[in-house]
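Please walk with me through this protein, one neighbourhood at a time. Keep the sequence and the 3D view open side by side as you read.

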Amino acid sequence: METHLDSFWIFALLFKCNSLPSHHNTVSLFLFLFLFLCMTWLALALCFWAYPGGPAWGNYWLKKGCKSKLVPGPRGFPVLGSMNLMANLAHHKLATAANLFNAKRLMAFSMGETRFLITCNPVVAKEILNSSVFADRPVKESAYGLMFNRAIGFAPYGVYWRTLRRIAATHLFCPKQISSTEAQRKDIGSQMVSLIACHRGDIRVRDILKKASLNNMMCSVFGRRYELGSSNTETERLRELVEEGYELLGKLNWSDHLPWLASLDLQKIRFRCSQMVPKVNRFVNQIIQEHKARSNGQRRQDFVDVLLSLQGPEKLSDQDMVAVLWEMIFRGTDTVSVLIEWILARMVLHSDIQAKVHHELDHIVGRSRPLMESDIQSMVYLQAVVKEVLRLHPPGPLLSWARLAITDTTVDGYEVPEGTVAMVNMWAITRDPEVWMDPLKFWPERFVCKDGGGVDMEFSVLGSDLRLAPFGSGRRTCPGKALGLATVSFWVGSLLHEFEWVKSSNRAVDLSEVLRLSCEMANPLSVKVRPRRGC
């Protein structure tokens with residue numbers, strides 16, 4: 001009966017339109033159709049929005065027919081979903097939402113038309129990250145625009161990606177290659193010590209750490225050696241490119257999740273990428289051509305030389321080499337400097353723990369000689385400090401964890417369709433009292449003594465235990481994690497061996513965060529130092 005009445009109402013309106021003069025008739029008909037389409041769209045949007053997880057999940061379940069239990073999660077707003085959760089400190093907001101919906105194991109939410117899952121549980125995290133179904137990464141418009149779709153991090157799962165991983169594992173980040181760059185890390189570490197020793201008063205360590213990290217990657221990747229205390233146009237140009245790339249890749253791009261906005265490029269991300277990529281191509285291609293012009297005897301076996309030496313199925317085109325090398329510089333510079341700044345901030349705040357590191361340094365190394373990289377393996381407490389900072393301040397708490405389902409699957413008993421983006425909130429896992437005892441306390445001893453609530457001294461942060469896996473796990477784990485840890489441990493050990501780090505008289509240590517591509521200190525660390533081994 002309702003259907004007949006609805007039809008009668010529509011025909012009555014059409015009859016009314018036909019009874020008007022012709023020019024009014026046409027306008028009225030178009031107006032009616034426009035209003036009808038708007039009402040239909042609004043009704044559908046509200047229907048999609050009514051499902052747990054919001055509009056993207058509702059769209060899928062309404063089309064397929066809901067036959068299984070649904071993943072709990074916030075509905076957000078019609079059409080937009082929960083895009084507000086990914087603004088600013090997304091890892092905080094998503095952890096709060098998971099607690100609110102009692103969905104720490106698995107929570108669904110929508111970002112426009114994109115379906116998302118997120119877990120704050122180490123068991124479910126392992127299920128996702130070690131699954132062959134989640135072997136892909138979602139490629140954002142900015143990542144595609146910056147050529148990362150041809151690099152290790154974002155290349156789609158397949159033959160090309162497996163080739164890149166094999167090259168990384170056997171050539172770029174193998175133990176032999178890491179060992180061959182030990183002298184380089186020692187040299188840059190010594191330059192940092194000298195630069196800091198010359199400062200009087202407060203020191204803003206971020207500027208020194210970023211420059212040291214960039215110089216280290218320039219040397220490893222391109223074979224370029226620069227003095228830390230001097231400036232040159234090449235490193236300055238690369239620093240500007242890296243900074244702009246961080247901003248573009250870390251920005252929430254509406255076009256990634258609302259495709260009907262893509263052509264407008266409202267945030268100018270596509271435009272800025274198109275302006276930046278030719279500069280990157282010119283910069284990296286020039287270095288590649290310089291390396292090609294060298295004779296074999298002049299080669300230093302930096303990453304460019306390694307890639308140029310590859311033959312057969314491993315050989316890369318120049319354009320693919322540009323993408324791979326650019327990603328190495330881009331990713332390798334950021335993580336090291338961010339992590340060291342967090343470690344030094346914690347040392348300033350916890351002078352008793354800094355004193356324990358100093359005691360270990362004096363016992364193993366003494367004050368008569370500088371720290372050597374071979375000493376690090378004997379320094380149990382220093383390594384515990386690094387792990388504890390990684391636990392409380394993981395550089396990539398959220399954004400670097402995204403995976404894309406390449407087929408339909410199940411996660412934690414829930415049906416998950418192809419095309420769903422899955423994420424792990426490592427920040428939430430490492431602060432969960434059900435996973436870690438007294439999780440908000442800075443307590444490196446938890447990685448030294450198993451008694452009293454600690455874990456095994458041999459606890460690995462390289463991905464085997466998802467209670468703490470800051471570099472990822474499974475197929476998409478960070479290929480440079482061993483090199484990154486070696487660099488951080490040695491540089492931190494050297495800086496603590498040479499100096500006592502104390503609070504600035506003008507600025508307190510502020511542990512507030514800002515989430516860009518990595519999770520950084522919102523206010524750069526400013527400190528004073530006291531020499532421990534003489535000037």
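Thr487 touches Arg185, Asn216 and Val336, once residues up to four places away in sequence are set aside; touching, or contact, here means heavy atoms within 4.5 Å. You will find Thr487 in helix H18 (residues 481-498). Helices are DSSP runs of H or I with at least four residues, strands are runs of E with at least two, and both are numbered from the N terminus. Thr487 has a relative accessible area of 2%, so it is buried. That word means under 20% relative accessible area, while exposed means over 50% and partly exposed lies in between, using a 1.4 Å probe and protein chains only.

Before going on, please note that this is a predicted model, in which local features need pLDDT of at least 70, side-chain atom pairs count only at pLDDT 80 or more, and totals for chains, interfaces and linings use all residues. Residues are numbered from 1 along each chain as its sequence is written, and side-chain values use heavy atoms, leaving out hydrogens and water.

Next, look at Gln191, which sits in helix H9 (residues 182-198). Gln191 is buried, with a relative accessible area of 12%. Leaving aside neighbours within four places in sequence, Gln191 is in contact with Tyr226, Glu227 and Leu228.

How much of helix H16 is buried? Eleven of its 13 residues are, so H16 is largely enclosed by the rest of the structure. Among the buried ones are Tyr381, Lys387, Glu388 and Arg391. The buried residues of H16 pack against helix H14 (318-349), helix H15 (351-364), helix H17 (426-430) and H18, the helix that holds Thr487.

Now turn to the strands. Four of them form an open sheet in the order E1-E2-E7-E4, with mixed pairing; two strands pair if DSSP finds at least two bridges between them. Strand E1 (107-111) and strand E4 (403-404) stand at the edges with a single partner strand each, so one side of each has no neighbour in the sheet. E1 pairs with strand E2 (residues 114-119) in the antiparallel sense over five bridges, and Ala108 stands opposite Leu117 in E2.

Aromatic rings come next. A search of the whole structure finds 14 aromatic pairs. The ring centres of Phe109 and Phe116 are 5.0 Å apart and their planes are at 20 degrees, so this pair is stacked. For Phe, Tyr and Trp (its six-membered ring), rings pair if their centres lie within 6.5 Å; planes under 30 degrees apart are stacked, over 60 edge-to-face, and the rest tilted. Phe109 is buried at 0% relative accessible area, and Phe116 counts as buried at 6%. Elsewhere, Phe148, Phe154, Tyr246, Trp326 and Phe330 form one aromatic cluster.

Some rings have a charge over the face, meaning NZ of Lys or CZ of Arg within 6 Å of the ring centre and within 35 degrees of the ring normal. Arg150 lies over Tyr160, at 3.8 Å from the ring centre, and Arg115 lies over Trp57, at 6.0 Å.

Finally, step back to the whole protein: there are 18 helices and eleven strands, and buried residues make up 53% of the 535 residues.
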